[in-house]
Amino acid sequence: MPTTSHPLPAGLHEGLVIASHGRHAVVESPDGSRRICHPRGKKNQALVGDWIHWQAPAAGQGEEGTIEAVLPRRNVFYRQDDVRTKAFAANIDQILIWLAAEPEFSHQLLGRALIAAEAAGIPALIVLNKSDLTDLHARAWQRLQPYRAMDYSTLGVSLQQPCDALHALKLALQGKKNLLMGPSGTGKSSFINWLLPTANV
């Protein structure tokens with residue numbers, strides 16, 4: 001929902017950034033409509049999850065708007081690799097770190113994600129998919145023991161054999177802005193399709 005209740009300055013609209021691609025963002029208005037918006041100059045670089053003020057183009061100048069202001073953020077999640085740290089998303093309620101029985105997950109990448117979540121003050125939930133691969137899942141679950149010992153919430157699920165744990169996960173996501181992250185090949189897209197059958201991923 002919009003973050004401000006007072007009238008906006010003339011010509012400005014409020015919207016939520018739902019996707020970001022290079023120098024443009026996809027912005028969703030409170031009525032559900034979407035449009036592409038660009039930052040003005042090098043300022044107002046918006047992240048997914050940001051509420052912004054945007055301005056529509058003048059008549060006859062297309063449909064794409066300009067981002068005039070990024071509203072104050074509750075938090076910022078940073079993604080780090082071997083070269084740099086980059087702001088990735090904002091105003092997140094929960095980080096969902098999606099792993100699987102195979103491919104084998106990396107302790108280094110999992111540790112980075114958890115450190116980033118801790119630094120931003122965002123709760124993290126570790127999900128281990130493919131519990132139908134019994135032996136591999138048991139081995140991966142054991143590898144997660146140190147994280148459970150540190151009181152990180154950990155859940156084992158299967159998209160091939162949906163169970164109570166998967167439905168419990170769905171309930172844990174409701175009413176929150178969740179950031180789903182994890183290595184390729186673990187079933188993230190399949191999970192989104194299960195969660196939101198009409199989603200395009």
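The largest share of the lining of the second largest pocket, 8 residues, is supplied by helix 1. The model is a predicted one, in which local features require pLDDT of at least 70, side-chain atom pairs count only at pLDDT 80 or more, and totals for chains, interfaces and linings use all residues. Residues are numbered from 1 along each chain as its sequence is written, and side-chain values use heavy atoms, with hydrogens and water left out.

**Second largest pocket**
- This pocket holds about 630 Å³ of space (a pocket is an open set of points on a 1 Å grid over the protein atoms alone, where a 1.4 Å probe fits, with protein on both sides within 12 Å along at least five of seven lines; lining residues have an atom within 4 Å of a point).
- Volume here is the space filled by probe spheres set on the points, with grid points joined across faces, edges and corners.
- Its lining comprises 27 residues, and R79, Q80, L109, A113 and M181 lie nearest the centre.
- Two or more lining residues come from each of strand 6 (76–80), strand 7, strand 8 (94–100), helix 1 (107–120) and strand 11 (helices are DSSP runs of H or I with at least four residues, strands runs of E with at least two, numbered from the N terminus).
- By class, the lining has 17 nonpolar, 4 polar and 6 charged residues (Ala, Val, Leu, Ile, Met, Phe, Trp, Tyr, Cys and Pro are nonpolar; Asp, Glu, Lys and Arg are charged; the others, Gly among them, are polar).

**Largest pocket**
- The largest pocket contains about 1500 Å³ of space.
- Among its 43 lining residues, I18, A19, V48, N178 and L179 are the closest to the centre.
- Strand 1 contributes the most to this lining, with 6 residues.
- The lining of the largest pocket divides into 26 nonpolar, 9 polar and 8 charged residues.

**Nonpolar cores**
- The largest nonpolar core has 23 residues, and I95, I97 and L110 have the most contacts inside it (a core is a set of buried Ala, Val, Leu, Ile, Met, Phe, Trp, Tyr and Cys residues joined through side-chain atoms within 4.5 Å; buried means under 20% relative accessible area with a 1.4 Å probe, protein chains only).
- Helix 1 gives the most to this core, with 6 residues.
- A second, separate core of 11 residues includes W98, V127, L159 and F191.

**Whole chain**
- The protein chain has 5 helices and 11 strands.
- Of its 201 residues, 35% count as buried.

Notes:
Buried means under 20% relative accessible area, exposed over 50%, partly exposed in between (1.4 Å probe, protein chains only).
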